[in-house]
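This report goes through one structure, topic by topic. Please keep the sequence and the 3D view at hand while reading.

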Amino acid sequence: MFWASSATVGAAADYGDAIVRLNRDGSVAGAPEFVSQTGATAGNQAYARAFVETAKRAVLRCAPLQLPDDLFPYWKEFELNFDPRLMT
C-alpha cells in the first residue's frame with residue numbers, strides 16, 4: 001500500500017479525484033491534478049492540502065506502472081479516486 005490518509009486528514013477531506021497522466025514507459029508525466037475533493041472547508045484547508053499532497057506522493061511512489069504497451073491510448077490518462085473509506 002502506497003497511500004494512507006491519517007484519521008485527522010481523513011476527517012478534513014472525505015475523498016478526492018485526481019487526473020493521472022502517464023508516459024508510455026509507465027512513468028508519471030507530471031504531478032497528478034486533483035479535480036475534486038469533498039469535505040474541504042475554509043476551516044480545514046491545511047488538512048485538505050495534506051490529503052492532496054499524500055495522494056500525489058503515493059502516485060509518484062508507485063511509478064513506473066507496468067501496463068500493456070498496446071493499450072497505451074486507454075491508460076495514458078485516467079481519473080483515480082482516493083477514498084479512505086475503501087482502504088483495506
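## A salt bridge between aspartate 83 and arginine 85

Aspartate 83 and arginine 85 form a salt bridge in this predicted model. Their closest N and O atoms are 2.7 Å apart.

How many salt bridges does the structure hold? There are five. One of them joins the side chains of glutamate 33 and arginine 21, with an N to O distance of 3.4 Å. This pair links distant parts of the chain: arginine 21 belongs to strand β1 (residues 15-21) and glutamate 33 to strand β2 (residues 33-38), and the two are 12 residues apart. Glutamate 33 is partly exposed, at 39% relative accessibility. Arginine 21 is also partly exposed, with a relative accessible area of 33%. The pair is part of a network of salt bridges that links Arg21, Glu33 and Glu77.

Another salt bridge is found between the side chains of glutamate 53 and lysine 56, at 3.9 Å from N to O. Both residues lie in helix α2 (residues 45-62), where they are three residues apart, or about one turn of the helix. Glutamate 53 has a relative accessibility of 37% and counts as partly exposed. Lysine 56, at 21%, counts as partly exposed as well, because the buried class takes in values under 20%.

## The sheet and the helix packed on it

In what order do the strands of the open sheet run? The sheet has three strands in the order β2-β1-β3, and the pairing is antiparallel. Strands β2 and β3 (77-82) are the edge strands, each pairing on one side only. From one strand to the next, the twist averages 15 degrees.

Five bridges make up the antiparallel pairing of β1 and β2. Within the sheet, isoleucine 19 stands opposite glutamate 33 of β2. Helix α2 packs on the sheet and touches β1, β2 and β3. The direction of α2 makes about 135 degrees with that of β2.

## The nonpolar core

Which residues form the largest nonpolar core? It has 12 residues: Ala18, Val20, Leu22, Val28, Phe34, Phe51, Val52, Ala55, Val59, Phe72, Trp75 and Phe82. Two or more of these residues come from each of β1, α2 and α3 (72-75). Helix α2 gives the largest share, four residues.

Valine 59 is one of the core residues. Leaving aside residues up to four places away in sequence, valine 59 touches Val20, Val28, Pro32, Leu80 and Phe82.

## Asparagine 44 and threonine 38

Where does asparagine 44 lie? Its place is the loop between β2 and α2. Asparagine 44 is buried because its relative accessible area is 12%, which falls in the class under 20%. The side chain of asparagine 44 reaches the backbone oxygen of glycine 39 at a distance of 3.0 Å.

Threonine 38 is in strand β2. With a relative accessibility of 25%, threonine 38 counts as partly exposed. Threonine 38 and alanine 48 are 10 residues apart along the chain, and 9.1 Å separates their C-alpha atoms.

## Cysteine 62

Cysteine 62 lies in helix α2. Along the chain, cysteine 62 is 36 residues away from glycine 26, and the C-alpha atoms of the two are separated by 9.8 Å.

Conventions
Residues numbered from 1 in each chain as written. Predicted model: local features only at pLDDT ≥ 70, side-chain atom pairs only at ≥ 80, totals over all residues. Heavy atoms only, no water. Salt bridge = Lys/Arg side-chain N within 4 Å of Asp/Glu carboxyl O. Buried < 20%, exposed > 50% of the residue type's maximum accessible area, 1.4 Å probe, protein only. Core = buried A, V, L, I, M, F, W, Y, C linked by side-chain atoms within 4.5 Å. Contact = heavy atoms within 4.5 Å. Polar contact = N/O pair within 3.5 Å; in protein donor to acceptor, adjacent residues only side chain to side chain. Pairing = 2+ DSSP bridges. Axes fitted to C-alpha atoms, helices over the stretch in contact; angles between N-to-C directions.
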